[in-house]
Amino acid sequence: KAHHTAEATHMLAPHLAPDGYVVSIQNGLNELVIADIVGPARTIGAFVNFGADYIEPGLIHRGNRAAVVLGELDGQITPRLTTLHRTFLDFDDRTIMTANIWGYLWGKLAYGAQLFATALTNDSIADALAHPAYRDVYIALAQEVLRVALARGVSPEGFDGFDPRAFLPGVDPAISRRSLDEMAAFNRGSAKTHSGIWRDLAVRKRRTEVDAQLGPIVALGAEAGVPTPLVARLIDLIHDIENNRRSQSLETLDELKKCLP
C-alpha cells in the first residue's frame with residue numbers, strides 16, 4: 001500500500017545496481033516519496049487502473065483490464081523505459097509509454113478521491129457514481145484535486161472513461177455528469193465491484209491509504225495556495241470509519257456533502 005512505500009524503498013535502496021531504478025506500481029504520488037529516497041534519476045513512474053484485490057497468500061483477484069502507463073519523471077522516452085515497457089507487455093499487451101506520467105498520476109488522484117468517497121458507503125463503485133443525489137459531491141471532489149494539479153503546472157490525462165477535462169473548474173455540469181455515466185458504465189463491466197478502500201474498511205478492518213494518497217493533495221494545495229476543504233473532510237471521515245466512530249453509510253456521505261459550497 002502507498003503508506004508502506006517509504007519503508008519498502010529504504011529496504012530496496014542498498015540492493016539497487018548502479019544503473020538500477022525503482023518503479024511504483026501503485027496509486028498515489030509515491031514517485032515523490034521514492035525519488036526523495038533514491039533520487040529522481042533512479043525512479044520511474046507508473047500508472048495503473050486495473051482492478052485487483054489481494055484475497056489471501058497466493059491468491060489475487062484481478063477484476064478487469066484497464067490502463068497501464070509508464071513514464072520517466074522528466075518526460076523523456078529513454079532506452080531503459082523502452083526496455084521496461086517490453087517487460088510490462090508480458091503482463092498487459094496494451095501497456096503504453098508516456099511523456100506525461102504526472103498527468104496520469106494526477107488524473108488518477110482526482111478519480112481516486114471519488115473512489116474514497118464511494119467507500120464512505122456500502123454501495124458498489126458503479127451504483128455510487130450513478131446516485132443522482134451525490135453527483136455534485138463527486139464532481140466537486142475531482143475539481144478540487146484538479147485545481148491543485150493545474151496550480152502545479154500538470155496537464156491531467158484521462159483513462160478508462162474518466163476524462164479530467166469534464167471536471168475542470170467552470171465546466172458545464174452536464175459534461176461532468178456524462179463523464180460519471182461513462183465511469184459507472186466502465187465499472188459495471190468489472191468483476192471488482194467495490195474499491196480496495198472499501199475492502200480495507202469493510203472486510204480487512206485495517207487502515208486505508210487515505211493519508212498517503214489524499215494527504216499530499218491537501219499539503220500540495222496549501223503550498224500552492226489552493227484550498228482543499230472537501231478532500232480534508234473526506235480524510236477525516238475515512239479516519240472516523242477506521243476508528244469505528246462512523247459506519248459506512250449514506251449518512252456518512254451526507255456529512256461530506258454538507259461541505260459543498
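**Close-up views of a predicted model**

**View 1. Thr-9 sits in helix α1, residues 5-12.** Helices (DSSP runs of H or I, at least four residues) and strands (runs of E, at least two) are numbered from the N terminus. The model is predicted, so local features need pLDDT of at least 70 and side-chain atom pairs count only at pLDDT 80 or more, while totals for chains, interfaces and linings use all residues. Residues are numbered from 1 along each chain as its sequence is written, and side-chain values use heavy atoms, with hydrogens and water left out. Thr-9 is buried, at 2% relative accessibility. Buried means under 20% relative accessible area, exposed means over 50%, and partly exposed lies in between (1.4 Å probe, protein chains only). Apart from neighbours within four places in sequence, Thr-9 contacts Ile-34, Ile-37 and Val-38. Contact means heavy atoms within 4.5 Å.

**View 2. Ser-24 lies in the loop between β1 (22-23) and α2 (30-38).** Ser-24 is buried, with a relative accessible area of 1%. Its side chain makes a polar contact of 2.8 Å with the side chain of Gln-26. A polar contact pairs N or O atoms within 3.5 Å; within protein, one must be able to donate a hydrogen and the other to accept it, and residues adjacent in sequence count only if both atoms are side-chain atoms. Not counting residues up to four places away in sequence, Ser-24 touches Asn-30, Glu-31, Ile-34, Ile-44 and Ala-46.

**View 3. Helix α4 (residues 101-118) packs with helix α6 (residues 135-151).** Their angle is about 150°, and their axes are 9 Å apart. Axes are lines fitted to C-alpha atoms, for helices over the stretch in contact; angles run from 0 to 180 degrees between N-to-C directions. The two helices are therefore roughly antiparallel. Angles over 145 degrees count as roughly antiparallel, under 35 as roughly parallel, 65 to 115 as roughly perpendicular and the rest as oblique. Residues of α4 in the contact include Trp-106, Leu-109 and Gln-114. Among their counterparts in α6 are Tyr-138, Ile-139 and Val-145.

**View 4. Lys-205 has a positive phi, near 55°, in a residue other than glycine.** Most residues other than glycine have a negative phi. Lys-205 is in the loop between α8 (196-204) and α9 (210-213). Lys-205 is exposed, at 66% relative accessibility.

**View 5. Asn-244 also is a residue other than glycine with a positive phi, near 60°.** Asn-244 lies in the loop between α11 (229-242) and α12 (250-257). At 71% relative accessibility, Asn-244 is exposed.
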